[in-house]
Amino acid sequence: MRGLTLLLTMGLTAPLCAQVIGKQLQEQPGANWLHYNGSYDSRRATTLDQVNTQTVSNLTPAWVFHVPGAGNLQCVPIVVDGVMYVTQPNAVYALDAASGRSIWEFHHTGPTADRGANRGVAVYGDKVFFSTPDAVLIALSAATGNELWEKKLAEPEEGYWSPAAPLIVKGKVIVGVAPGDRGLNGFLDAYDAETGKRLWRWDSIPKPGVAGNETWAGDSWKHAGGNTWLTQSYDPELNLLYWGIGNPSPDFNGDMRPGDNLFTESVVALNPDDGTIRWHFQFTPHDVMDWDAVELPVLVDASFQGKPRKLMLHADRNGFYYVLDRTNGEFLHGSPFVQHLNWASGLTPEGRPIRVPGVTPSLLGTKVCPSSIGATNWMSPTFNQQTGLFYVVALEGCGTASISTETFRPGGFQYRATGDVLLRDASWKVYVRALDMATGKVVWENERVGSIGLGGGLLSAGGLVFSGELNGQFIAYDAKTGKTMWHFNTGQSINSQPMSYAVEGKQYIGLSTGADIFSFGLFEPQKPLDLRTVPVAKAGKP
Amino acid sequence: MRRNLISFALLFSAVVSRAQGPSTQQVKNPLGNAPPLIQAGHELFNKTCTGCHGIDGGEGGRAPALGGNRRYFRLSEGAIFDAVKHGIPGTGMPNLGLSDDEAWRIVSYIRSLRGVALDAAVQGDVEKGMAIFQGKAGCVKCHMLRGEGGTIGPDLSSVGAQVTLAHLREELTTDLPIPSGFAPVTVVDKNGQRLSGIAKNNDAFSIQILDEHNKLHTYDKKTLRSAVVSQKSLMPHNYDKTLSPQELQDLLAMLSRQAKTKVHVALERENEEGR
């Protein structure tokens, strides 16, 4: 009878629990980690401090969840009230965040080969949102994983996919697409979280008649790139959505697209209510090195040159660290954060790069620093309000870049007009660098010894900076000094961003590695289980 | 050294013999697997094979019931064709002298028996089946189809691509074990607080429960006084009694066509090595 009662109540009751409300999405991360970047300002700084410089020596794995078939996980776990959501392309898993045990999983049929990573979910109300390698946005029941609705973002046959975790802003699901290396024009979409109805689309490559189209010669705007493949930032007070835009196509031969090529390699400020653009700042006008400007815009309110300002901090793939006024896009500061930078001699007072003549891809090949990998990339930076330092993963390295002519082919083919050979000589090194927020000067740095690639991103927690390396090491540095306080060899490449959460008062540090989800917590000795008090599952009638 | 040479020679001959032609595992049905072919194969099977394997492959008095739930060792189309066409030496399975086309028709039918319901071309009125799902049978109270319905039971949006027709029929008519993640459970914590719901996962140390309000609860079992998992399914298994034969067939026809994804399907592996 109890079973029948349960059946009737569960069967007939509509979902009652709105798990995440808009106000929660505006909070700094604590027990919950609700955004890919932890918070709208993308500082990736938890308010939890159980794990800190004093206690981190006792940090130990709490559990591991193996994601079946995974090899290159890049998702950031999202945690809501003790439930963790992780992804791989075409699949979402809900886990008990304290034990790592699976609650449900969802699979979408779609291509996986050569369609990049999936970087996680967004949560709002009673739903979980994620996008797929065939460019579909899917809403799931957060409680059961049942699919509630899906919307096609773009034609996958044309070559589009959607790797980024969506961002929820004012009840809208903000989602972008990739790639920009195949001549496919990017856009940013907003969907009603409840119904899946598309509310607006902002084209990152302006069509004729739209401001910015004049920065593309002839018809070059038609196959122009500018994709939106990484989750970015939002300022609720200014009601501005900040989104970094990817590279122009073809990537390396700028002669095929004379002009500044807006809004590629820019950060744009959009009104999330209607998708209209308020301002933009272009880091690399007329880029020829595939330096997507999708690196996170980190939003900080601070005194700058004696005046309180609403700032945006951004370390760009082109090698410069920028400070902008995020109310209007005004350039306030720019300086290199890598030593290997030969393509520009500096920035103008307006922040436009002063190019060094001849340091561009050529028929015979030109040494360009940074390489096309960039001085940094999508691995997240972090900002610590206490130290005032901006932490970034930096790659010192150059490439020999060459060009060709190439004709755009529909169907998702590469449209790069050649590329660069990475010069992995003795100078090729990866670092975690702490930059003075206002001046960009390096305060401390640690080399990621043995890592030939950038690897994973950063997290601020309890006076520490957590850093995941491509060689599998997961490390905690003292945020003030850079001193290594703790490390753990996960045994797998780390290509994702650490996060933190808490369940029942215990703090955890979560991380996806190549094939597994790790969760770390402070060591607690296990006690022998008393069988009299451990409940045993018994058969019984409902 | 001599042993090494012999080993090498044996290995080499093995490699060469494997390289000489496609193995039976790689051979595909040249006639395809369209419903009319399956139907033709069905008719031929019931004329030719029933003496041993039973009508529709369902009895198997003298040979395996090909439509039953069992562990199959001949999985690929090529391997099944080989058995149908040439017999199985040393067993009662004879060479029946079938033409290649006849043998392939039978192969397509045998494969359909093992394939998912979607591939079985189930007869019935899909629209009526949907009305029964939403009405008389009450399925929609517990099961979701494409975003609409209850959550106490599995989402059936892809059920046609996930289970065989035989399994689908069994679920509706036979008291089967509760699928993983859908067992009713009641827990009592140390404060005497009671919670009933569905155990989404359960081990010796933790349990994860979906409650009646669609909210998830996760427990460390150290914090519980008791956790009682029922082995009695909430799913009615008597639809052969509560529905007419035609209504049941219409429901089966509708469910068999629900297919959004095939990812969950325990696909028959073409590779028989290691079994």
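**Briefing: sheet, helices and backbone geometry**

In chain B, five strands make up an open antiparallel sheet, ordered S6-S5-S4-S3-S7. At the edges stand strand S6 (216-220) and strand S7 (224-229) of chain B, each of which pairs on one side only. From one strand to the next, the twist averages 40°. The model described here is predicted.

**Chain B: overall composition**

- Chain B contains nine helices and seven strands.
- Of its 275 residues, 35% count as buried.
- Where contacts in chain B join residues at least 6 apart in sequence, 63% of these contacts link residues at least 24 apart.

**Chain B: a strand pair within the sheet**

- In general, the strands of a sheet pair through backbone hydrogen bonds, in either a parallel or an antiparallel manner.
- Strand S4 (residues 194-202) and strand S5 (residues 206-211) of chain B are paired in the antiparallel sense, over five bridges.
- Opposite B:Asn201 stands B:Gln208, which belongs to S5(B).

**Chain B: helix H5**

- Helix H5 of chain B covers residues 100-114, which gives it 15 residues.
- From the first C-alpha of H5(B) to the last, the helix reaches 21 Å, close to the 21 Å expected at 1.5 Å a residue.
- The buried residues of H5(B) include B:Ala103, B:Trp104, B:Arg105, B:Ile106 and B:Val107.
- Further along H5(B), B:Ser108, B:Tyr109, B:Ile110, B:Ser112 and B:Leu113 are also among the buried residues.
- The packing partners of the buried residues of H5(B) are helix H2 (35-48) and helix H4 (77-86) of chain B.

**Chain B: B:His167 in helix H7**

- B:His167 is located in helix H7 of chain B, which comprises residues 165-173.
- Although B:His167 and B:Ala117 are separated by 50 residues in sequence, their C-alpha atoms lie 8.5 Å apart in space.

**Chain A: cis peptide bonds**

- The peptide bond that joins A:Ala178 and A:Pro179 is cis, with omega at about -5°.
- A:Pro179 has its place in the loop between strand S11 (172-176) and strand S12 (187-192) of chain A.
- A cis peptide bond also leads from A:Leu262 to A:Phe263, where omega is near 0°.
- A:Phe263 is found in the loop that runs between strand S15 (240-244) and strand S16 (266-270) of chain A.

- A:Asn90, a residue other than glycine, has a positive phi near 75°.
- The loop between strand S3 (83-88) and strand S4 (91-96) of chain A holds A:Asn90.
- A:Asn90 counts as buried because it has 22 C-beta neighbours inside 10 Å, and the threshold for burial is 20 or more.
- A:Asn239 is not a glycine either, yet its phi is positive, at about 50°.
- A:Asn239 lies in the loop between strand S14 (233-235) and S15 of chain A.
- With 15 other C-beta atoms within 10 Å, A:Asn239 is partly exposed.

Conventions
Residues are numbered from 1 along each chain as its sequence is written. Chains are lettered from A and ligands numbered from 1 in the order in which they are written. This is a predicted model: local features need pLDDT of at least 70, side-chain atom pairs count only at pLDDT 80 or more; totals for chains, interfaces and linings use all residues. Helices (H or I, at least four residues) and strands (E, at least two) are DSSP runs, numbered from the N terminus. The expected span of a helix is 1.5 Å times one less than its number of residues. A residue is buried if 20 or more other C-beta atoms lie within 10 Å of its own, exposed if 12 or fewer, and partly exposed in between; C-beta atoms are placed from the backbone. Two residues are in contact if their C-beta atoms, placed from the backbone, lie within 7 Å. Two strands pair if DSSP finds at least two bridges between them. Axes are lines fitted to C-alpha atoms, for helices over the stretch in contact, and angles run from 0 to 180 degrees between N-to-C directions.
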